[in-house]
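I opened this notebook to keep track of what I looked up. The entries follow below the structure.

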Amino acid sequence: MQPVIRIEHLAKTYASGFTALKDINLEVNRGEIFALLGPNGAGKTTLISAICGIVNPSAGTIRVDGMDIVAEYRKVRAMIGLVPQELSTDMFETPWATVNFSRGLFGKPRNHAYVEKVLRSLSLWEKKDARIMTLSGGMKRRLLIAKALAHEPRILFLDEPTAGVDVELRREMWEVVRDLRAQGVTIILTTHYIEEAEEMADRVGVIAKGEIILVEEKNELMRKLGKKQLVLQLSSPLAAVPPELSAYSLQLGADGNELTYTYDTRAERTGITTLLNDMRAAGVTFKDLSTMQSSLEDIFVDLVRQKR
């Protein structure tokens, strides 16, 4: 698949001497939803700002649809919609006026039918003539997306789009994002909500301390790095793990009534059969068992911890 964004050796050091980005190399494919995960201060917003031309890189190149972001700034910026973290609208204006104004800023002709479509898709049509100051927090967040879509961009950056939004509204917004992707819009999403990336993303990138430490298809990432746990509910409690079972690095929990065995899903053998045989030989019996798969959150936390 042809990348719509190609970043090579990108770096950003501010006048204060702080290095926010270090040798970033990244490609984003046309029409995908790409989730960028990272803790606060990892460089997510700086990276997005550099691609959108808001922050000047210290080194490296950024190409969008084959065009250099510096040499062909106007053309590139017209392709991009940006939904920032912070609310940035005139509170005395209306959604209708705000979205139409944003469209005009990019030199687009009036298209009331398109603006109506955008507002309706974001459940804002009934509030189109209300003062923005009277809207709920969730509506204001959706209005930021409407503004970003005003000029019909082909690439949409969502910087923490559902921060402070309730669960029901968050899921509604996920549907809007999926619909945009279905229309061919490329979505780059930064989020603190791991379930958001797990729910929507085609690929996941993890950034920490200004460096991309991993880029992988979501399902492949979970297959490669995910771990499974076998949880055994014991027939009678143990005071400690028997020495005969020490090689399995078992965790004893639930007041001695539970043993947890963690194994690698990629391994040729899981070791479960041998473990159960050794448990029987040690006189340890169980009444029930279950398995658990690592979530994307578990994987993310492990990757960031390794980077520290």
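**Cavities, then the sheet**

I began with the lining of the largest cavity, and found that α1 gives the largest share, three residues. The model is predicted, so I noted the terms: local features need pLDDT of at least 70, side-chain atom pairs count only at pLDDT 80 or more, and totals for chains, interfaces and linings use all residues. Residues are numbered from 1 along each chain as its sequence is written, and side-chain values use heavy atoms, with hydrogens and water left out.

I wrote down what a cavity is: on a 1 Å grid over the protein atoms alone, a set of points where a 1.4 Å probe fits but cannot get out, with lining residues having an atom within 4 Å of a point. Volume is the space filled by probe spheres set on the points, which are joined across faces, edges and corners. Helices (H or I, at least four residues) and strands (E, at least two) are DSSP runs, numbered from the N terminus.

I counted two cavities of 30 Å³ or more.

*Largest cavity.* I read its volume as about 50 Å³. I listed its lining as I5, L26, V28, F34, L36, L47, I48, I51, F157 and I188. Two or more lining residues come from each of β2, β3 (33–37) and α1. I sorted the lining by class and got ten nonpolar, no polar and no charged residues. Here Ala, Val, Leu, Ile, Met, Phe, Trp, Tyr, Cys and Pro count as nonpolar, Asp, Glu, Lys and Arg as charged, and the others, Gly among them, as polar.

*Second largest cavity.* I read a volume of about 40 Å³ for this one. I found I145, L158, P161, T162, M173, W174, V177, L189, E196 and M200 around it. The elements giving two or more of these residues are α6 (167–182) and α7 (194–200). The largest share, three residues, is from α6. Its lining has eight nonpolar, one polar and one charged residues.

*Sheet.* I traced four strands in an open antiparallel sheet, ordered β2-β1-β4-β5. Because β2 (19–29) and β5 (67–68) are at the edges with a single partner strand each, one side of each has no neighbour in the sheet. Strands pair if DSSP finds at least two bridges between them. I found seven bridges between β1 (residues 3–13) and β2. I looked up R6 and found its bridge partner in β2 to be E27.

*Helix over the sheet.* I saw that α1 (residues 44–51) lies across β1, β2 and β4 (59–64), at about 115 degrees to β1. Contact means heavy atoms within 4.5 Å. Axes are lines fitted to C-alpha atoms, for helices over the stretch in contact, and angles run from 0 to 180 degrees between N-to-C directions.

Definitions and conventions:
1 Å grid on protein atoms, 1.4 Å probe; cavity = no way out; pocket = protein on both sides within 12 Å on 5 of 7 lines; lining within 4 Å.
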